[in-house]
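Q: I have a model open beside its sequence and would like to go through it piece by piece. Could you help me with that?

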Amino acid sequence: MRIKDILSKERVVNGLKGLGKLRVKVSHSSLMTFSALLLILFIAFIIRIFPLRWEIQTGAMHLSEFDPYYQYSLTKYMVENGLISPYWPTQWIDKQRWYPDGINMARSFPALPMTAAFFYKIISALGVNIELMSFCALFPAMMGTLACLIIYFLGKDIGGKPVGMFAALFLALSPSFIQRTALGFFDDETIGMVALLLFSIMFLRANEEERPIGSALKYSLGSALALAYFCSGWGAAFYPIGLTVLFVFVLILMRRYTQRLLLSYGVTFGLGLFLAINVPFVSPTFLTTSAIMPVGGVFILLFLSEIVRNLTSIKSKVIFTALFLALLIGAFTILWNFGYMQELGGKFISVINPFAREASPLIESVAEHRISAWGSIYYEFGIGIIFFIAGLFFTLRNPNNKNLFILLFGLTSLYFASSMVRLLVLMAPAFGLL
């Protein structure tokens, strides 16, 4: 027994000595990348909590603007009564607003207050003692920093670590994005930009041909969840939907159809929109708007591409394609004439057609709905506009799928940012990437 004990002790001692000799090898490049990214995230967070120096004088943190207090009331109600309490089993009518009838708070996007209430309950359970008002004031800065981290990985997928690093830096220092994620600005853009970037990185990864089919399916499910989250949190969800539909349509025109594209597109929009329409404020009528109907049209085109690819003779391909497109156009015409396709709201129409807002004095009267002046665009991007144009040029020279997506992202966001000053925040990630 003694010999066995001595041998076992020697094994333990030798094992500990072996652990002592282990050296974690970290390359100089990885260490510099991690340090630089950490510094960028630190800068992004510090800039966004800079207004804290005025809050300290009052002894407490507060929210800014009217909408953040509206979101705060929903968050407070969810913390006290449950995450789905404003919507089910009975809808919450807030009698403190619009006296005497009150306002139906269930007629609002749930994603932002639900996310904040969820994380507030977690940190409260961990013993962190912070007021809900202070947490909601800090929440935009935390989500803005998270968006800078996500865009790093998106840029890394597109053009390597340098692209990701510069994209994170430009987004961290973007004036419009700082304004919408600063201390106290507890509104939809807080989570909207995170959802937009998550959706983009998931959808692009799902369409990488070298990726195994199982991994592509997982990323398709991830992009569907990100899309549903976006739709339940910000009215600008029409933008990523339209951008992706345009991107896939261009891929079809360029004869880049693959079965992977059909799978990722079908899973993303099938599951994503199904989850979105179960949100009370979104509802199934969301599917009948003129901005969502093209989703079905492009899916039919993908299905047509798959069938045509399996047909053998050229004659049969031409006949089938002509009949299929005729039926597709006829179906959309019938739906439009019988009123099954709803038009977009006035605010969204005015983004596409800036001259349409002249017919609505209410939309025209809101300062953030105004057409962007040259001065506001230069204030936002400065001399970096030159490099934005250069980025468009280089993506056009090498139009692979990811570059094509960023090219369309940049051009469409530039148009909408020029159409409405509020949407400069949508252009901020595309500007950083390009």
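Q: Let me start with Arg255: is it buried or exposed?
A: This is a predicted model, and in it Arg255 is exposed, with a relative accessible area of 79%.

Q: Where is Arg255 found?
A: Arg255 is in the loop between α11 and α12, the latter covering residues 259-276. Its phi is near 60°, which is a positive value in a residue other than glycine.

Q: OK, stepping back, how many helices and strands are there in the protein chain?
A: The protein chain has 20 helices and 2 strands.

Q: And what percentage of the residues is buried?
A: Of the 434 residues in the protein chain, 47% are buried. As for contacts between residues at least 6 apart in sequence, 73% of them join residues at least 24 apart.

Q: Which residues touch the most other members in the largest nonpolar core?
A: That core has 107 residues, and the ones touching the most other members are Ile241, Phe247, Val248 and Phe286. Helix α6, residues 132-159, supplies the largest share of this core, with 15 residues.

Q: What does Ile241 touch, then?
A: Not counting residues up to four places away in sequence, Ile241 touches Leu227, Cys231, Phe269, Leu273, Phe286, Ala291, Ile292 and Val295. There is also a second, separate core of 8 residues, and Leu74, Met78, Tyr87 and Ala117 are included in it.

Q: Back to α11 for a moment, at what angle do the axes of α11 and α13 cross?
A: The axes of α11 (residues 238-253) and α13 (residues 293-310) cross at roughly 25° and come within 10 Å. The two helices are therefore roughly parallel to each other, since an angle under 35 degrees counts as such. The crossing of α11 and α13 is left-handed.

Q: Which residues meet there, between α11 and α13?
A: From α11 there are Ile241, Val245, Val248, Phe249 and Ile252, and they meet Pro294, Val295, Val298, Leu301, Leu302 and Ser305 in α13. By class, the residues of this contact of α11 with α13 are 10 nonpolar, 1 polar and no charged.

Q: What about α6 and α7, how do their axes cross?
A: The axes of α6 and α7 cross at roughly 150° and come within 6 Å. That makes α6 roughly antiparallel to α7, because angles over 145 degrees are counted that way. The crossing of α6 and α7 is right-handed.

Q: Which residues make the contact of α6 and α7?
A: On the α6 side they are Ala147, Cys148, Ile151, Tyr152, Gly155, Lys156 and Gly159, and on the α7 side Lys161, Val163, Gly164, Met165, Ala167, Ala168, Leu171 and Ala172. The contact of α6 with α7 has 10 nonpolar, 3 polar and 2 charged residues.

Q: And how far apart are the axes of α7 and α20?
A: The axes of α20 and α7, which covers residues 161-172, are 7 Å apart, and the two helices pack at an angle of about 145°. The crossing of α7 and α20 is right-handed. Val163, Ala167, Phe170 and Leu171 of α7 meet Ala428, Pro429, Gly432 and Leu433 of α20, and the residues in this contact are 7 nonpolar, 1 polar and no charged.

Q: You mentioned Leu433, so what is it in contact with?
A: Leaving aside neighbours within four places in sequence, Leu433 is in contact with Ile151, Leu154, Gly155, Ile158, Val163, Ala167 and Ile406. Leu433 is in helix α20, residues 424-433, and it counts as buried because its relative accessibility is 10%, where the limit for buried is under 20%. Leu433 and Leu407 are 26 residues apart in sequence and, C-alpha to C-alpha, 9.8 Å apart in space.

Q: Changing topic, which residues does a cis peptide bond join?
A: A cis peptide bond joins Trp88 and Pro89, with omega about 5°. Pro89 is in the loop between α4 (66-81) and β1 (93-94).

Q: One more proline: where does Pro51 lie?
A: Pro51 lies in the loop between α2 (28-48) and α3 (52-58), and it is partly exposed, with a relative accessible area of 25%. Pro51 and Ala182 are 131 residues apart along the chain, while their C-alpha atoms are separated by 7.8 Å.

Notes: Residues numbered from 1 in each chain as written. Predicted model: local features only at pLDDT ≥ 70, side-chain atom pairs only at ≥ 80, totals over all residues. Heavy atoms only, no water. Core = buried A, V, L, I, M, F, W, Y, C linked by side-chain atoms within 4.5 Å. Buried < 20%, exposed > 50% of the residue type's maximum accessible area, 1.4 Å probe, protein only. Helix = DSSP H or I, 4+ residues; strand = E, 2+ residues; numbered from the N terminus. Contact = heavy atoms within 4.5 Å. Axes fitted to C-alpha atoms, helices over the stretch in contact; angles between N-to-C directions. Parallel < 35°, antiparallel > 145°, perpendicular 65-115°, else oblique. Left-handed = near helix turned anticlockwise from the far one by under 90°. Nonpolar A, V, L, I, M, F, W, Y, C, P; charged D, E, K, R; others polar.
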